Amino acid sequence: MMGYLKSTPNKDGFFGEYGGAELPPPLVPHFKEITEAYDRIAHSAEFVRDLRYIRKHFQGRPTPISYLKNLSDDCGGAQIYAKREDLNHTGAHKLNHCMAEALLAKFMGKTKLMAETGAGQHGVALATAAAYFGLECEIHMGEIDIAKEAPNVTRMKLLGATVVPVGFGGRSLKEAVDSCFQSYVAQADTALFAIGSVVGPHPFPRMVRDFQHVVGIEAREQFLEMTGDLPDIVAACVGGGSNAMGLFAGFIEDKDVALYGVEPSGTSSKLGDHAATITYGEDGMIHGFRTMVLHDANGDPAPVHTVASGLDYPGVGPEHAHLYRTGKANYTTADDKEALNAFYQLSRREGIIPALESAHAVAFAMREAKNHPGKTILLNLSGRGDKDIDYVTETYGFGES
């Protein structure tokens with residue numbers, strides 16, 4: 001699973017200067033157990049066979065690529081395509097790693113899955129995986145996100161998960177991670193903390209990326225079949241960055257393919273009004289790993305804002321920080337207004353309602369298309385917008401007709 005990337009981390013989990021694992025002593029043996037189990041199991045014929053079966057017969061993979069002709073015509077310039085992870089079971093890319101993490105937990109003899117969630121897609125996917133494998137499930141979610149993403153809270157509960165509201169601090173994704181870590185310490189013997197992105201202590205940035213790389217591998221083959229060539233630009237939204245790393249994995253060694261991560265610039269460049277970590281952040285530590293972080297005046301992780309709950313994290317996956325520092329990928333932003341406009345336009349012009357997270361990548365493609373006539377842009381439509389429709393319509397209406 002790991003031979004396709006030259007930036008595979010070293011034995012301590014560092015991508016260049018980013019990554020690693022700085023853990024409280026009680027958790028060190030548990031993360032060592034996870035690392036050793038993954039290294040042992042990931043390449044076993046049984047694990048790979050079971051995961052392939054699940055992806056084909058339960059998740060509905062491979063997901064297709066769609067040519068967005070109407071949107072391309074509207075924007076002019078480049079032709080826009082979308083990798084349809086919104087058609088993956090549960091409606092987002094998250095199930096790719098959740099089913100694999102649950103399979104790992106079963107191999108390790110664990111009886112419970114635990115996780116944080118922002119937009120709720122990771123929580124729904126993990127609750128789905130827990131139901132499939134007969135495991136308990138505990139999901140920590142900030143109170144603000146619970147209110148914004150009510151449909152996903154309902155789905156998690158229907159799937160049998162216990163949803164733990166997090167009411168301290170910013171009451172969003174960062175605090176959900178804090179809360180879940182605190183709860184996990186007491187349950188680590190029997191539970192697996194199934195981290196929901198390419199973040200956290202080693203081995204999770206590598207492991208989640210490996211489980212998501214199916215997106216990029218499929219997309220590369222499909223795009224070549226559709227067009228006879230590789231895309232000129234590949235783009236995906238970036239919060240923690242799992243959907244982007246999954247797509248990037250298929251093209252990262254192609255010098256003629258430009259990779260773009262699209263961060264949320266919220267309502268302004270003022271600290272607290274955005275969650276654009278690579279764009280405005282600096283090197284630091286968060287949740288047990290070294291990466292780029294948005295800091296407040298006291299040097300602590302800063303409050304963040306974005307219309308998309310799944311992107312409101314003041315850090316970023318360490319591999320993204322490494323790709324940025326080495327120049328292998330480019331990082332830009334889309335603000336709330338651009339994302340909302342993209343949400344409405346993709347819905348109206350293509351019959352596809354995107355997640356607000358994915359709408360940031362759509363906004364980038366719409367903005368950049370006119371600057372690249374004759375070129376192709378492949379974006380990752382990482383999730384569908386069912387979870388967002390109540391929040392968007394109640395807060396912003398139905399957009400312009």
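A residue is called buried when its relative accessible area is under 20%, exposed when over 50%, and partly exposed in between, with a 1.4 Å probe and protein chains only. By this criterion Asn152 is buried, its relative accessible area being 0%. The structure is a predicted model, in which local features need pLDDT of at least 70, side-chain atom pairs count only at pLDDT 80 or more, and totals for chains, interfaces and linings use all residues. Residues are numbered from 1 along each chain as its sequence is written, and side-chain values use heavy atoms, with hydrogens and water left out.

Asn152 belongs to helix α7, which covers residues 150-158. Helices (H or I, at least four residues) and strands (E, at least two) are DSSP runs numbered from the N terminus. With neighbours within four places in sequence set aside, the contacts of Asn152 are Ala119, Gly120, Gln121, Val124 and Lys387, where contact means heavy atoms within 4.5 Å. Burial extends over the whole of helix α9 (residues 204-212), where 9 of 9 residues are buried. Among them are the charged residues Arg206, Arg209 and Asp210, charged being the class of Asp, Glu, Lys and Arg; Ala, Val, Leu, Ile, Met, Phe, Trp, Tyr, Cys and Pro count as nonpolar, and the others, Gly among them, as polar.

Two packed helices are described by the angle between their axes and the distance between the axes. For helix α1 (residues 28-41) and helix α4 (residues 94-108), the angle is about 100 degrees and the axes are 10 Å apart. Axes here are lines fitted to C-alpha atoms, for helices over the stretch in contact, and angles run from 0 to 180 degrees between N-to-C directions. The pair α1 and α4 is therefore roughly perpendicular, on a scale where angles under 35 degrees count as roughly parallel, over 145 as roughly antiparallel, 65 to 115 as roughly perpendicular and the rest as oblique. On the α1 side the contact is made by Glu33, Ile34, Ala37, Tyr38 and Ile41, and on the α4 side by Leu104, Phe107 and Met108. By class, this contact has 7 nonpolar, no polar and 1 charged residues.

Ile41, in helix α1, is buried at 6% relative accessibility. Apart from residues up to four places away in sequence, Ile41 touches Phe47, Leu104 and Phe107. Its C-alpha atom is separated by 10.0 Å from that of Leu103, a residue 62 places away along the chain.

Rolling a probe the size of a water molecule over the atoms shows where empty space is left. On a 1 Å grid over the protein atoms alone, a cavity is a set of points where a 1.4 Å probe fits but cannot get out; a pocket is an open set with protein on both sides within 12 Å along at least five of seven lines, and lining residues have an atom within 4 Å of a point. Grid points are joined across faces, edges and corners, and a volume is the space filled by probe spheres set on the points. The whole structure holds 1 cavity of 30 Å³ or more. The largest cavity contains about 420 Å³ of space. Its lining has 36 residues, and Lys94, Leu173, Gly196, Ser197 and Gly310 lie nearest the centre. Elements giving two or more residues to this lining are β5 (112-117), α5 (121-133), α8 (173-185), α11 (242-248) and α15 (356-369). The largest share, 3 residues, comes from α8. By class, the lining of the largest cavity has 13 nonpolar, 19 polar and 4 charged residues.

The second largest pocket has about 150 Å³ of space. Residues lining this pocket include Phe343, Tyr344, Ser347, Arg348 and Ile389. Both α14 (336-350) and α16 (389-396) supply at least two lining residues, and α14 gives the most, with 4 residues. The class counts for the lining of the second largest pocket are 6 nonpolar, 3 polar and 1 charged.

Most residues other than glycine have a negative phi, and most peptide bonds are trans. A cis peptide bond, with omega about 5 degrees, joins Arg61 and Pro62; Pro62 is in the loop between α2 (45-59) and β3 (65-67). Another cis bond runs from His202 to Pro203, with omega near 15 degrees, and Pro203 is in the loop between β8 (191-193) and α9. Arg171 has a positive phi of about 55 degrees and is partly exposed, at a relative accessible area of 32%. For His287 phi is positive at about 50 degrees, and His287 is buried, at 14% relative accessibility.
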